[in-house]
Structure formats: C-alpha cells, structure tokens
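Here are my notes for you on this structure, written as numbered points. Keep the 3D view open and follow along as you read.

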Amino acid sequence: MNKFHSSEIIQGSQLESVRLTAIKKLAQQAFKPRTDNYNLQGDALESWSKNADSMGRFLSQERAEIKKFQLAKIRSLVDNAYKNVPFYRELYGACGYEEGGISSFSDFEQLPIVNKGLLSSFDARMIVNDPEALELANTSRTSGSSGKPFTIYSDDDDIVLDHLQVMRFYNSCLQRPLQKHDWIYMLHHSGLAFSSLHGMYRTFQLPDLLPSTPLGEHLMLLRPKLLVTLPSYLPLILKHKAEVKMSGVEAILTNSESSTQLERSYYSQALGLPVFDEYSSEEVGLIATQCAHGQYHAIEDGVYLEIVNADVRGYGNVVCTDLNNELMPLIRFDHGDVARQKLEPERCACGSDCTTLYEINGRRDDAFRTREYHLVPSASILAAVDDILVTPDRTLEAFRLTQKSAETIELMTRYVGAPHKKMEEILLQLKERLSCLFGYSIELLHREVDALPEQKSYKRRSIVREWELN
C-alpha cells in the first residue's frame with residue numbers, strides 16, 4: 001500500500017516553512033470527519049476516475065431522460081422505505097399506500113410531507129432501514145437555523161456520491177476539469193468529506209476568517225484554483241484582492257448563507273473573478289448550484305426538488321427527496337426554506353435542462369453585528385453552537401442566541417436531561433469562541449427555559465438580533 005499523504009501533513013509543512021502561525025492556529029480548529037480516511041478516499045478516487053465524464057454529461061441530458069431516471073429512483077426509494085423503515089411503513093400505510101404504488105410523479109406528490117421536527121420525535125431505529133447499521137453509520141448533528149438539533153445518518157456510498165457531485169460543481173465553475181494537483185481553499189466552518197483523494201484534489205480549510213488573518217500571504221504560497229467561502233467573508237477577501245489574483249484563483253464559490261445576486265456581482269467585478277453560489281443543506285447535501293448565467297439548477301441525480309404551496313409570485317416551500325441516502329431516507333422533506341421556481345421548460349444557455357430556481361430565500365438569520373457594525377457570519381455562530389452544544393450532547397432539545405447589545409449575547413437552552421458537561425464550562429468555551437468571531441470580549445448570559453418564546457417570524461430562528469443599529 002502506498003503511503004497515505006494526507007492534506008494535513010502537506011499543509012503543516014508549508015505553514016511551518018513561512019511561519020504563518022495565525023493561519024496554522026486557525027487551521028488546527030477545523031474538524032476532521034471520520035470519513036476522511038485512506039480507504040474511503042480510495043473509493044471516492046476510483047469512482048471519480050470511472051464516472052466523472054458520465055456525471056458531467058448527466059445534467060445536460062434531455063429533460064425526459066432526467067425525469068425517467070428520477071422516477072425510477074423514487075419508486076425504489078419509496079418501496080424500500082415502506083418495506084424496511086418503520087416510520088414510513090406507518091406513515092404511508094395510514095394513507096393507503098401499497099408497494100409499487102408509484103407510477104408517476106403525481107402519485108409521488110400525494111405522499112405526506114415530513115420535516116425535521118417530525119423525524120426527530122422518533123427513535124433513530126424507527127427512521128432508518130437497517131437499525132443494525134447505526135453503530136457504523138456516518139452521522140452529522142446540526143441545528144441549522146431552527147435551533148432544533150437533528151441527527152442525520154448515512155452510509156459510505158452516500159458520502160462518496162455527495163463528494164463527487166461537489167467535485168462536478170467545481171469543474172463547472174472552472175469551466176474545465178479540476179486537475180489532480182489543484183488546491184481548493186475553504187474559508188468555512190464545514191469542510192468536505194475528504195481533505196484529498198490520496199493526496200490529489202487537495203483541500204485547505206480555515207474554519208473562520210478574521211481581519212488579522214494573513215490570507216493573501218497564504219494564498220500566494222498555496223496557489224489554489226478555487227476559493228470556497230461564506231458570503232460574509234467576501235469583504236475581507238476583497239482586502240487581499242492583489243494576492244487573490246496573483247495566486248491564480250480562478251473562481252469563488254459561496255454557500256451556507258443567503259446572499260443576493262447583486263452582492264455577488266459586486267464582488268465578482270471588484271475581484272475580477274466569477275462568483276458562483278450553491279444551495280445545499282446538512283440533511284441532503286447539494287440541492288442546486290449556480291451556472292455561469294446566474295441560474296440555480298437542481299442536482300437531479302442527487303435530489304428531487306419540489307416547490308409547494310407557491311404564492312401568486314411563485315414563492316413556495318422547498319421540499320426535497322434525497323435520492324442518494326438509502327440508510328435514512330428523506331422523502332418529501334420540507335427544509336423550511338422559500339424559493340421561486342422557473343416554470344417554463346426551457347434549456348439554459350449553459351446547456352442544463354434541469355429544474356431551475358430563480359431565487360432562494362432560505363437561511364436568513366438576524367445577523368449579529370460588532371460594535372463597529374461589522375457583520376458576524378451567522379454560519380460561523382451556528383458552527384460554534386454545533387461544535388460546543390449540539391454535536392456532543394443529545395439532551396439539548398432547543399436553543400436560541402439573542403444579541404442584546406454590541407457586547408452582550410444571551411443563550412437560552414432547553415434540555416431534556418443533564419448537559420454533557422458543567423454549564424460553566426460550556427459557557428466559557430462558547431464565550432471564547434464568540435469573542436474570537438467578534439474580535440473583542442463579549443458577555444454571555446444564560447437562561448434555561450421550559451420553552452423558547454414564540455417569534456413573529458414565519459420560520460423559527462435560532463439567531464436573533466434585538467440590538468438596533470443606529
């Protein structure tokens with residue numbers, strides 16, 4: 001077996017060579033998933049080598065062929081869920097469903113819609129097709145923007161497929177195949193499933209970007225081709241404009257937070273680089289990606305996308321069926337996001353004939369601001385909560401963070417059992433993480449509540465700013 005050259009080893013030697021200690025310190029905070037191992041990297045590399053070309057062609061097929069593929073996947077997914085998943089057996093049985101009952105999309109869209117609240121109310125063994133596989137399953141536990149923790153279970157095949165779909169998106173952004181020696185630079189709390197594929201297609205990750213981070217210097221050293229970032233970091237990236245260009249970055253990708261096309265176009269022009277957005281979720285993975293013509297095209301070999309209960313303007317709820325995750329089927333899953341679908345069947349100028357979204361209005365938390373009124377990325381705040389409260393503790397039922405002033409944040413929690421460690425330790429760790437994001441020390445208050453107060457918003461929010469800006 002060849003020696004496993006991980007990205008972590010390569011990154012470490014490069015950072016030592018130029019003494020970029022601030023970068024190294026930040027990079028060490030990045031979470032490494034259990035999927036990032038030699039064997040699974042090898043599976044992904046082999047699959048990519050065999051299927052990259054056909055995956056690239058899939059999204060340019062005639063619409064009829066795409067829909068034929070999706071309907072076959074949906075039939076199999078629903079029947080398997082009905083036979084093997086107790087939750088769906090009971091849910092669909094109550095509706096009169098029988099095995100083989102899906103012959104059209106109209107049939108499928110008569111099935112009930114589910115959501116995170118409903119699924120999380122059941123024991124894990126009730127919502128997976130093989131309870132014995134739970135012990136070895138890949139898990140991710142996240143709060144999203146709702147403040148309601150939710151655990152997703154998946155098998156290795158799902159992880160590999162999701163990663164390959166991300167790599168395909170990278171190819172489309174570059175307008176050429178990603179080369180084995182190319183670096184991807186991530187300014188993001190959530191990294192990819194793999195830091196590299198046996199030392200190829202390598203990724204460097206900084207979980208946060210601070211004003212003092214020597215980003216430009218490191219970009220010049222690493223010379224990545226793609227920069228993947230939260231939209232909130234675009235103003236900081238712009239301060240390193242010269243180094244971004246000289247380092248050879250060819251495109252910038254944004255995700256995880258809402259941003260407008262006007263905002264992305266501004267930074268695209270200012271940086272002299274194309275900026276592409278993606279719509280994804282922890283539960284499903286990639287949902288839709290933006291093409292060079294600004295359209296969001298659904299990843300139709302990974303998800304069946306519906307916009308339901310649309311209003312007169314065409315805005316409706318995003319409902320997704322994950323076509324890849326067979327261990328924990330998510331069938332007609334309501335994300336709680338709002339989007340507007342393009343209804344006219346017309347092939348995009350980019351060549352895609354997939355379902356197209358005009359606009360996505362999900363994930364709009366009330367962004368926190370520093371005393372200088374600088375935005376603190378909601379995704380980074382949620383990542384801190386996920387790391388410190390949500391991931392290690394199954395007894396946390398709900399939470400909310402409220403910014404009371406420039407220096408004061410209140411945490412409300414509801415536990416259904418004892419917290420995983422002393423609350424003093426949790427608050428200290430969270431205070432330090434948030435203070436790092438704000439750039440100065442904040443005061444963190446805490447209240448344990450029987451129920452979170454109701455909000456006026458149609459969608460429950462876990463991050464609320466009560467401090468009014470002048």
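1. A word you will need first: two strands pair if DSSP finds at least two bridges between them. With that in hand, look at strand 7, where Ile252 is the bridge partner of Leu227. Please keep in mind throughout that this is a predicted model.

2. Let us stay with the strands around that bridge. Strand 6 and strand 7 run parallel and are joined by 4 bridges. Strand 4 also runs parallel to strand 6, again with 4 bridges, and here Met186 stands opposite Val228 of strand 6. Strand 6 is covered on both faces: Leu226 and Val228 are buried on one side, while Leu227 and Thr229 are buried on the other. A handy rule for reading such a pattern is that side chains in a regular strand alternate between the two faces of the sheet.

3. Now move on to strand 8. It pairs with strand 7 in the parallel sense over 3 bridges, and the bridge partner of Ile252 in strand 8 is Val275. How many residues of strand 8 (residues 275-281) are buried? The count is 7 of 7, so the strand is largely enclosed by the rest of the structure. On one side you will find Val275, Asp277, Tyr279 and Ser281, and on the other Phe276, Glu278 and Ser280.

4. What joins strand 8 to strand 9? A hairpin does, through 3 residues. Strand 8 and strand 9 (residues 285-290) run antiparallel, with 4 bridges between them; in one of these pairings, Glu278 has Thr289 of strand 9 as its bridge partner.

5. Beyond its neighbours within four places in sequence, Tyr170 is in contact with Leu178, Ile184, Leu192, Leu226, Val228 and Leu253.

6. Two packed helices are described by the angle between their axes and the distance between the axes. For helix 4 (residues 63-84) and helix 5 (residues 86-94), the axes come within 6 Å and cross at roughly 100°, which makes helix 4 roughly perpendicular to helix 5. Helix 4 contributes Val78, Ala81, Tyr82, Lys83 and Asn84 to the contact, and helix 5 contributes Pro86, Tyr88, Arg89, Tyr92 and Gly93. By class, that contact has 6 nonpolar, 2 polar and 2 charged residues.

7. Ser247 sits in the loop between helix 11 (241-246) and strand 7 (251-254). Is Ser247 buried or exposed? Its relative accessibility is 1%, so Ser247 counts as buried. Leaving aside neighbours within four places in sequence, its contacts are Leu219, Met220, Arg223 and Pro224.

8. Arg223, one of those contacts of Ser247, has a positive phi of about 55° although it is not a glycine. Arg223 lies in the loop between helix 9 (215-222) and strand 6 (226-229), and is partly exposed, with a relative accessible area of 39%. His198 likewise has a positive phi, near 55°. Its place is in the loop between strand 4 (183-187) and strand 5 (202-206), and it counts as partly exposed at 25% relative accessibility.

9. Finally, there is an open sheet of 4 strands, in the order 19-18-17-20, with mixed pairing. Strand 19 (443-448) and strand 20 (463-465) stand at the edges with a single partner strand each, so one side of each has no neighbour in the sheet. The twist averages 20° from one strand to the next. Strand 17 (residues 396-403) and strand 18 (residues 408-415) pair in the antiparallel sense over 7 bridges, with Thr402 opposite Glu410 of strand 18. Helix 14 (residues 423-438) packs on the sheet and touches strand 17, strand 18 and strand 19; its direction makes about 140° with that of strand 19.

Conventions. Residues numbered from 1 in each chain as written. Predicted model: local features only at pLDDT ≥ 70, side-chain atom pairs only at ≥ 80, totals over all residues. Heavy atoms only, no water. Contact = heavy atoms within 4.5 Å. Helix = DSSP H or I, 4+ residues; strand = E, 2+ residues; numbered from the N terminus. Axes fitted to C-alpha atoms, helices over the stretch in contact; angles between N-to-C directions. Buried < 20%, exposed > 50% of the residue type's maximum accessible area, 1.4 Å probe, protein only. Parallel < 35°, antiparallel > 145°, perpendicular 65-115°, else oblique. Nonpolar A, V, L, I, M, F, W, Y, C, P; charged D, E, K, R; others polar.
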